[in-house]
Amino acid sequence: MKDFRRWLAQFADAETEIGELARWIAADPNWPEEGLIGMTVTRYYYKRLRRELRSVFNEARRQHHDAEATDRLLAAAREGGSVEQVVALYRNGPGEETDRALMAALDHRDPAWVEEFTHAAARGEHGYPYYRLVLRLVHRHGIEVAPTADLAVACLEHHIGRITSDGDTAAVIGERLRDDPLAASALPLLPRCRHHRVSYGLGDAQGRYGAKFAAERVLTAAVEQGLINRQSLIDDLVSILRSDDPDRAQYTGGYVSLMEHLAPSDEELAPFLADWVRLSTTVEGMKKELLARAVIALVLEERLPDGLVTEWVRVIGEESTAVARNAVTALTVLAGDTKFLSDQQVADVVRCTTDVPGPKAIAVLACVQSFVDAGRLTGRQIADCAREVLFRPERSVVNSMITFLGRILRSDPGQAVTLVPLLSDAFGHSSADVQEKAFQLAAKYADRLDGNARAGLAEAAEQLVPALRARARESFGGGPGDEPVPPYEESLPTVVDPERLESPASDLAEAVEDMAVLSRARVLDPAQWERVLDEVVRFAHRDRAAFTEAVTPLLKGCNWDPVTDFTYRQLPLLVAAALTVADDPNRPEKGVVDALLALNDDLDGHKYRWRCGVRVFDQVLHVRLSELTRRFLDHDIPPFLLATPTWTDGAIAPGELVERLATYQTLGARPGTADFEQALLRVRHDSTAADAADAALGTPEAGRLARWLRDGGLTPPGTTRCAYAPEDPSLIVGYRSPLPYRLREALADAMGRLDGFSEPFRQLASAYVDQRDDDDRTGSAAIPLWLTVLPAHREIVTARTLNAFTQGAELNVPSAARVLPQLVDTPSPAGASIHLALAYGLGAALPQERVAASDTLLALAARGTLDTARLGHDIADLVTHGTLKVARLAESLTLAAQAGAHLTVGAVLAVTLPPLLPEPGATAPAGLAKLLTLAAECAEETRSLPPVDGIAELAARKGTSLQLKAARRLHTATVPPPA
């Protein structure tokens with residue numbers, strides 16, 4: 001899109017969002033005055049502009065359509081249109097304004113015509129918009145309307161729509177029904193109506209169509225007002241539920257919900273007890289009281305359907321939790337009845353506690369409790385069940401089992417000998433709350449145990465958190481616990497230095513195979529990419545004809561668009577296409593080669609102002625490829641590439657670069673500008689190599705290399721923290737999706753160190769300030785390749801690509817957090833940008849990205865480059881403003897702690913927690929209890945975490961919430977014991 005700014009200026013005076021965008025761009029001093037703008041920025045604005053235009057157009061079209069429909073309707077109503085015509089036209093645009101205008105128009109029509117129109121509008125499946133119109137006509141003209149089933153359905157829908165909140169009482173709904181002149185005659189027809197719209201709104205427990213259970217509330221109010229015969233409605237519901245109509249199945253839950261709201265008496269329930277009970281195996285969430293009454297009545301009458309108990313047992317193990325709760329209710333009623341519930345079926349239910357999901361297991365435990373109360377379980381069966389459940393990881397399930405055992409022991413303390421030792425299995429649970437509950441119950445009945453059982457509990461108590469161990473020694477006995485504890489040693493991963501890049505292929509067949517493998521790879525390996533690109537150059541230089549013949553089959557079907565399709569893996573292969581085009585300009589690959597040559601056309605005659613952070617890395621890549629393509633076409637193929645890395649992180653050994661320049665000098669080869677400058681940015685600094693380059697070569701490139709090495713290369717630019725609030729006016733206009741509070745790092749200008757470099761290499765050190773979301777390809781798989789552009793300055797790459805790392809936490813979408821470990825796989829220092837990217841990664845939406853962030857945290861700690869205070873402050877800032885979710889953060893840090901980094905995680909949390917602690921009466925961030933628990937575990941494990949600011953005050957507050965319990969545990973673990 002050429003001259004975008006000038007084209008957009010025509011909208012500058014508009015009062016719409018487009019005009020605001022035009023004025024904003026006109027005032028932007030960094031916008032290019034002429035020529036093409038960056039394609040990413042163009043796409044960014046174009047998408048938002050197109051979305052705004054589409055929205056404006058659709059709204060205008062809708063308003064125009066509605067206005068035309070209303071005009072046609074009113075014209076027909078005033079100027080002699082037929083009844084059928086006006087009824088049909090009303091269907092296109094019913095509404096409050098249309099109704100008022102139509103009522104005024106009908107005032108001038110013949111009363112007989114108006115009456116005929118009213119009857120026509122009341123007939124057919126028109127729905128509640130027509131009902132509203134008919135109701136107004138009845139009120140104004142006193143017309144009597146014959147009730148029909150469709151009118152009854154429309155009446156029901158009309159009153160459902162009037163329920164605006166869950167606070168509308170039955171009295172309010174009943175008053176509305178009494179004020180409706182049509183309800184008294186229409187609603188009695190509902191029991192005879194089989195219309196699917198009657199059941200459409202039934203069973204709406206979530207309020208998807210308005211208020212919760214709105215349809216049931218209207219029908220119940222109609223019954224209470226005498227508008228619907230209660231027995232007729234119940235009989236009709238029974239006949240529907242008994243029918244085999246396949247269309248009925250999808251609405252069964254709604255019909256059951258209506259029946260439960262009617263709360264039928266025993267006499268009303270009696271005729272269909274068996275049918276009602278059978279529904280419990282398929283309908284979710286039936287009311288316990290009504291189902292239990294039905295089961296009891298069937299048991300007393302000894303007519304419980306055959307096979308139903310077996311079906312209930314199956315449901316517990318196989319169906320959803322909501323259906324399983326129905327079965328639990330029924331089996332609880334039958335717990336003491338050996339006639340209908342066999343011992344084997346009881347055992348099958350008990351067995352379900354070990355393998356069903358957590359919420360269902362809790363419900364099953366309630367059923368098992370009823371078996372115990374009825375004497376259906378032996379002590380051994382109870383012990384076996386407890387032993388299995390106490391090993392489960394779910395906190396709620398294990399807590400339920402401990403409560404269950406407590407009830408048994410209260411009723412029969414004699415079972416303590418068998419059951420209390422089992423509680424030791426819960427001493428090693430990951431939740432301190434579970435440990436405390438198990439310990440308290442075991443300690444309560446410890447005096448009923450013999451010495452061996454108490455010794456077993458004492459031994460298992462070593463798994464308890466430190467705060468409980470001392471109490472356990474008092475209750476169960478054991479050593480004094482004053483043995484010297486060895487100092488904590490953190491277990492961090494071994495630091496792995498970058499490996500040397502594999503040598504290039506030794507023969508042509510191997511090189512072609514490498515190109516094929518790279519072009520089909522699912523994940524981009526930057527080291528392999530550079531190696532294959534070097535092989536293309538080497539074998540093209542060695543035997544041009546043979547290489548062209550070997551690579552031609554790989555080029556079939558190749559059609560790459562460098563603007564829209566960033567297929568980085570194919571780029572080395574596409575450079576090779578230039579060889580075939582040089583021999584035959586009519587080859588199909590001519591378009592690809594032209595595209596490669598045009599990649600750096602924007603550089604000619606323009607000074608780039610890099611608004612988009614990542615485009616500069618693409619342009620560095622583009623200028624290298626374009627340079628190679630042109631040399632291939634000019635038959636000036638170099639012997640190899642100077643910029644091929646020595647190590648997998650992209651760095652080049654200085655001595656190796658000196659040897660490459662010497663080989664070029666011996667062969668009389670000309671170094672490519674882009675190739676050599678990329679090599680300079682990759683070379684590791686060594687003053688000894690600088691002297692060798694000066695002494696041995698004497699070429700301009702060698703002299704430049706020597707000066708670069710002596711001067712220390714590129715000086716890292718400074719960074720400045722930027723914070724953006726959602727309402728910040730500096731944010732780009734036109735972006736309608738709300739963004740959270742964001743932190744970014746702005747790069748200072750360091751271009752002075754790259755004065756001798758060409759474009760776009762100089763722009764790598766230019767100043768950069770994040771422009772909200774100006775890169776549409778966030779989370780790009782090319783980031784590992786961009787990291788090799790500046791292998792010693794990962795901080796610059798991270799600051800420019802920070803948007804890609806933050807999307808997971810900010811917008812809950814996939815992000816580049818998965819490549820975080822590659823940011824720290826070199827000795828390059830980790831600065832503010834890397835720490836900020838890590839903070840965002842720890843709160844990413846996808847679990848695999850949070851795992852990658854945890855690995856990055858461990859790697860930084862192992863290298864000794866992790867600044868725990870900086871990371872803690874970043875996390876606290878983002879959590880305080882709601883950008884990071886505490887539950888995700890707790891999960892990520894827990895993974896790092898479990899890997900052996902308790903000291904590191906504890907140090908991070910010691911800085912993170914103080915700003916998050918709630919003031920008295922304030923609401924804490926969701927999930928804070930998990931962070932406090934993790935901090936307490938780290939403090940107990942390391943025994944060296946200093947007191948956390950504000951924890952003492954929080955721990956002193958009254959209450960038994962998990963948050964306060966965790967705060968007390970952390971306070972106990974961090975406060976040194978009295979001397």
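A263 occupies the loop between α14 (252-262) and α15 (266-269), where helices are DSSP runs of H or I with at least four residues, numbered from the N terminus. In this predicted model, local features need pLDDT of at least 70, side-chain atom pairs count only at pLDDT 80 or more, and totals for chains, interfaces and linings use all residues. Residues are numbered from 1 along each chain as its sequence is written, and side-chain values use heavy atoms, leaving out hydrogens and water.

The phi of A263 is near 50°, a positive value in a residue other than glycine. R943, also not a glycine, has a positive phi of about 60° and is found in the loop between α47 (928-942) and α48 (951-955). Most residues other than glycine have a negative phi, and most peptide bonds are trans.

## A cis peptide bond

The peptide bond from E759 to P760 is cis, with omega near 5°. P760 belongs to the loop between β2 (742-747) and α38 (783-787); strands are DSSP runs of E with at least two residues.

## Helix α29

Helix α29 (residues 526-542) comprises 17 residues. From first C-alpha to last, α29 reaches 24 Å, close to the 24 Å expected at 1.5 Å a residue; the expected span is 1.5 Å times one less than the number of residues. Of its 17 residues, 13 are buried, meaning under 20% relative accessible area (1.4 Å probe, protein chains only).

## The chain overall

The protein chain contains 49 helices and 2 strands. Buried residues make up 53% of its 979 residues.

Methods. Buried < 20%, exposed > 50% of the residue type's maximum accessible area, 1.4 Å probe, protein only.
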